[in-house]
Amino acid sequence: MLARAAAGDELAFARLVAAHHADMRRVAYVICHDVGMAEDACQQAWQISVTKLSGIREPARVRSWLVAVAANEARKIAQRQRRRNVIEARVRPLSDSRIDESHVIDQADLARALARLNPDDRMLIALRYYADLDSTQIAGLRGRSASGTRARLARILDRLRKELEDV
Amino acid sequence: MSDQVKFEMRLEAAVNVLATKADGPVDSVRIASSAINASRNAGWWTRLTSIEQPQADGLPGLSIRPLLVTMLAIVAIGSVTFGISWLRGTNVGPPPSTATPTPSPTDSAPTPSDSKSPLGPGSPQPRPEVAKGWPNTGPWNPPGVYSWDGPRSATGRGFRCAGGFCVIGIMHKSDVGIHLDVVPEGTFSDDGATPVTVAGHDGSYRQIDGRARPPMLHSNMTWLPGHSPREEWIVDIEGTTIAIRLTARPGASEADLADAHAIIESMRYEPRDNDFGFRLVFTLTNDDWSSG
């Protein structure tokens, strides 16, 4: 499927979208906190992917690669948004009735704590804890060192832990 | 199970729940037709070179692409070499034995000066200059490439923290100075700032009223004696917000200010295994700068 999609087969590409789009959008959402922006990030990610799919030689890596591309696009969108200094006043409360209230970390608290991180750090959290990539994989996809990525994740975790456990 | 691991498990669960808020129907993904066409045009190459063996027993898939590329490169280089030789009328075959003098024991090896000839085949390739770290406190730091490696530099010099703000690099030349601070996000003002690129990253620049010190600095100790802040660059690099400030005494010369600007403009980003994951490398073009 990957080779056919890379060669421009639209049906194969549609299957690829069906298999991975939801994951990409979820990762992008953790970074952007906005469904519309997450969708834009995914659209942009697919646009990039269609020209670069042929470079992936190991089909097993396609998910992590696609998710990382979407995460990077989401990071860029979130960064642009942050520079505009937009303050969004929510009409609806942050809590959602579909979410299990007994969950250990309150969703509203998590959303607030993540929003205080910069988009780059949110991307690391999304790739580590949603996409389930380890530090070495994240570092490889971002062209960074594994030890640097580990150290940075540890710093972000410390910060989140302090913020979430002090609530 | 440690508290850290428990927290990570809770965080993972919470992030997964949060991510589901993005769920919804996907009607279509819009891809520009030019991208599809480009992909199709690239298809013959993909089909030719992506003959992969199926992944088995945890071994990575093999591809013949590297082999093909290498073979094509060898053929291309060989063709070009042969073509050049032919055009020059050089005999590409082995030279006739009569033209080759018999080597004598005295001329068997090239002299060291031969091998170091700049035009010779054995001439060493120029290597990039190694960054010297942060300039020394003493004078006469020679011109060259230096770096700011964050608070945990090998020497530990130039690191000072006050009230959560770290002045981790100060250097000066006569009446001008350059400060590098790590500042918490949200503690600086964007008033009057214009977008710029610093060390390859998006940042902002503004001129500061020399009489008013930026509000985030807690102590006058962070400024060089008699200096006032003049200009400020704020740049976010991998989540670390860095403030670069140019300070000057009244009457600082244009040449010194231009020298400081040149240093800031020369700053470039390098990934690094340190606390920040990167360092800033810059060039001093004279030996007037000092961190003391």
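Reply: What follows describes the nonpolar cores and then the cysteines. This is a predicted model, in which local features need pLDDT of at least 70, side-chain atom pairs count only at pLDDT 80 or more, and totals for chains, interfaces and linings use all residues. Residues are numbered from 1 along each chain as its sequence is written, chains are lettered from A and ligands numbered from 1 in the order in which they are written, and side-chain values use heavy atoms, leaving out hydrogens and water.

A nonpolar core is a set of buried Ala, Val, Leu, Ile, Met, Phe, Trp, Tyr and Cys residues joined through side-chain atoms within 4.5 Å. Buried means under 20% relative accessible area, exposed over 50%, and partly exposed in between (1.4 Å probe, protein chains only). The largest core has 59 residues, and Val27(A), Leu53(A), Ile125(A), Leu127(A), Leu160(A) and Leu11(B) have the most contacts inside it. Among the elements that give two or more residues to this core are α2 (10–32) and α8 (146–165) of chain A and α1 (3–19) of chain B; helices here are DSSP runs of H or I, at least four residues, numbered from the N terminus, and strands are runs of E, at least two. α2(A) gives the most, with 11 residues.

Leu160(A) touches, among others, Ile125(A), Phe7(B) and Leu11(B), not counting residues up to four places away in sequence; contact means heavy atoms within 4.5 Å. Apart from this core lies another, of 31 residues, including Leu180(B) and Phe276(B).

As for cysteines, there are 0 disulfides over all chains, a disulfide being a pair of cysteine sulfur atoms within 2.5 Å. For Cys32(A), the nearest cysteine sulfur is that of Cys42(A), 8.7 Å away. Cys32(A) counts as buried at 9% relative accessibility, and Cys42(A) is buried at 0%.
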